[in-house]
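Hello,

Here is the structure I said I would pass on. My notes on the contact between the chains follow below it.

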There are 2 protein chains.
Amino acid sequence: MTKQQLFEQIIKKRSFLCVGLDTDIEKIPDYLTDNEDPIYTFNKAIIDATAPYCIAYKPNVAFYESAGIEGWLSLQKTVAYIKQRHPQLFIIADAKRGDIANTSEMYARTFFDGMKVDALTVAPYMGEDSVKPFLLYPESWVILLALTSNKGSNDFQQTENKNGERLFEQVLRVSQTWASDEQMMYVVGATHGTLLQDVRKIVPNHFLLVPGVGTQGGSLEDVCRYGMNKQCGLIVNASRSIIYADHTESFAEAAAEEAKKLQQEMNLLMDKYL
Amino acid sequence: MTKQQLFEQIIKKRSFLCVGLDTDIEKIPDYLTDNEDPIYTFNKAIIDATAPYCIAYKPNVAFYESAGIEGWLSLQKTVAYIKQRHPQLFIIADAKRGDIANTSEMYARTFFDGMKVDALTVAPYMGEDSVKPFLLYPESWVILLALTSNKGSNDFQQTENKNGERLFEQVLRVSQTWASDEQMMYVVGATHGTLLQDVRKIVPNHFLLVPGVGTQGGSLEDVCRYGMNKQCGLIVNASRSIIYADHTESFAEAAAEEAKKLQQEMNLLMDKYL
């Protein structure tokens, strides 16, 4: 999916919501666990219920990996289901991979060749040759970690170098030479508020994947005030606050309700800031 | 396995070699591909042939993941095989994981609870709360990326902050407050030669996992000269130069030969530097 196509979806749906599929067998409704594949069954119901209100899904790979072979099967089936039933939706594998070149090639093969997701989150610590193999798939996106939503983002990402540039700013600046805004996005946490202004000074045109709204407490209004650009430029993710809104047989309806609330908020914010 | 037990193995075998299991279906001998699980068959032969000369194995998770479900099965079987046949050998899952806390918990579950490896490589970019969940398994090791062996390690890891400290040095210093040298090791590439001296100024007692000897061209003598401490403190990895030493039916013997050469070199270097 191109940047323009993504923007068109956002305009059409009046939403830039991504639903995070952090599906945990211990948190889904009990009655589902009798199913052959409870994770997949849960995901299908969540996807069908929330699809009208979002433009992307982000399976969090750790949650599937932790269930071993069965988990990987659930993940593959989930991705295939989205592609088949909701082909206009953008699929992000949130895996935060990154390794020396010949190993990153293997990770790229897994997600872009095998699973055929649209985008993969990648860690920048190992530098250019660890990221480049992911860019060999011209129709797929790399979403590079810049300023993450967690507390630990203060440990290294905000350290100033001797030129007064913080690490996340250096990552944004340097990585722009690796690929254009047609193939790279950045993870910037909603929990950082005004820091989004500093991000936009370096990458005015890129899409940002913004986690941290919802359970983690980031403000959607601040994200839009400081982060929205002319092509929206935002994919805002919420996971737990949507998919675990309810633990009864009404879980999918409750998830839809939460997604709809966010979409309505986004609709108003697009009027205000786009 | 404790630090002391690891050191005892090193003394006993006169080796601090780790064999990297970067097993690629496209690189193993053709005749093996008729097997039900060629990757596992290859690994078993490599393991049995090289076990006398090494103290650790490091499956590179990307290579297994790229083969999908079958790859994960091969990985699980390989780890189980090492644990059963060679229980004194240290097993490192090289996966370079790291995410926000509740997600890192899932990755920790995958590798420490599910697969029961001894150690996992972890990326530091997201800071303390992304690493801490891996430390909740007191018998398992975190091997944190500090200064990697690839060219891209120059992009961010060697950037000086305003206090004149390079990022890899900051990672070493700060992460020492998260766990002791009984639970944490660091990845430091053999390709950096004298920089190992700078690493040792900050972490004199920790074990280092050192990739980059062999195909990547790092010097084993330099690694020992600048990096060895009183408990050896080194696990030196070679992958491709050992496991792909030969592509005929003699691949396992050839791998053993390469591993033996490195062990003999290590034996002499232990005389010289330990």
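The contact takes 57 residues from chain A and 57 residues from chain B. Please keep in mind that this is a predicted model.

Area. Between them, chain A and chain B bury about 5,000 Å², and carbon and sulfur atoms account for 58% of that. On the side of chain A, the residues that lose the most area to chain B are I69(A), Y125(A) and F156(A), which together make up 18% of what that side buries.

Symmetry. Chain A superposes on chain B by a rotation of 180 degrees, with 0.0 Å of shift along the axis and an RMSD of 0.0 Å. This is therefore the relation of a two-fold axis. Both copies use the same surface, since 100% of the contact residues of chain A recur in chain B.

Polar interactions. There are 32 residue pairs in polar contact between chain A and chain B, counting pairs with both residues at pLDDT 80 or more. Six salt bridges are found across the interface. One of them pairs R109(B) with E26(A), with the closest N and O atoms 3.8 Å apart.

Elements. Several elements of chain A each supply at least two residues to the side that touches chain B, among them α3 (61-65), α4 (68-85), β3 (90-97) and α7 (167-175). α5(A) gives the most, with seven residues. By type, the residues on this side of chain A divide into 22 nonpolar, 20 polar and 15 charged.

Regards

Note on methods:
Residues are numbered from 1 along each chain as its sequence is written. Chains are lettered from A and ligands numbered from 1 in the order in which they are written. This is a predicted model: local features need pLDDT of at least 70, side-chain atom pairs count only at pLDDT 80 or more; totals for chains, interfaces and linings use all residues. Side-chain values use heavy atoms; hydrogens and water are left out. Copies are superposed by least squares on the C-alpha atoms of residues with pLDDT of at least 70 in both. Contact means heavy atoms within 4.5 Å. Buried area is the accessible area (1.4 Å probe) that two parts lose on being put together, summed over both. A salt bridge is a side-chain nitrogen of Lys or Arg within 4 Å of a carboxyl oxygen of Asp or Glu. A polar contact is a pair of N or O atoms within 3.5 Å; within protein, one must be able to donate a hydrogen and the other to accept it, and residues adjacent in sequence count only if both atoms are side-chain atoms. Helices (H or I, at least four residues) and strands (E, at least two) are DSSP runs, numbered from the N terminus. Ala, Val, Leu, Ile, Met, Phe, Trp, Tyr, Cys and Pro count as nonpolar, Asp, Glu, Lys and Arg as charged, and the others, Gly among them, as polar.
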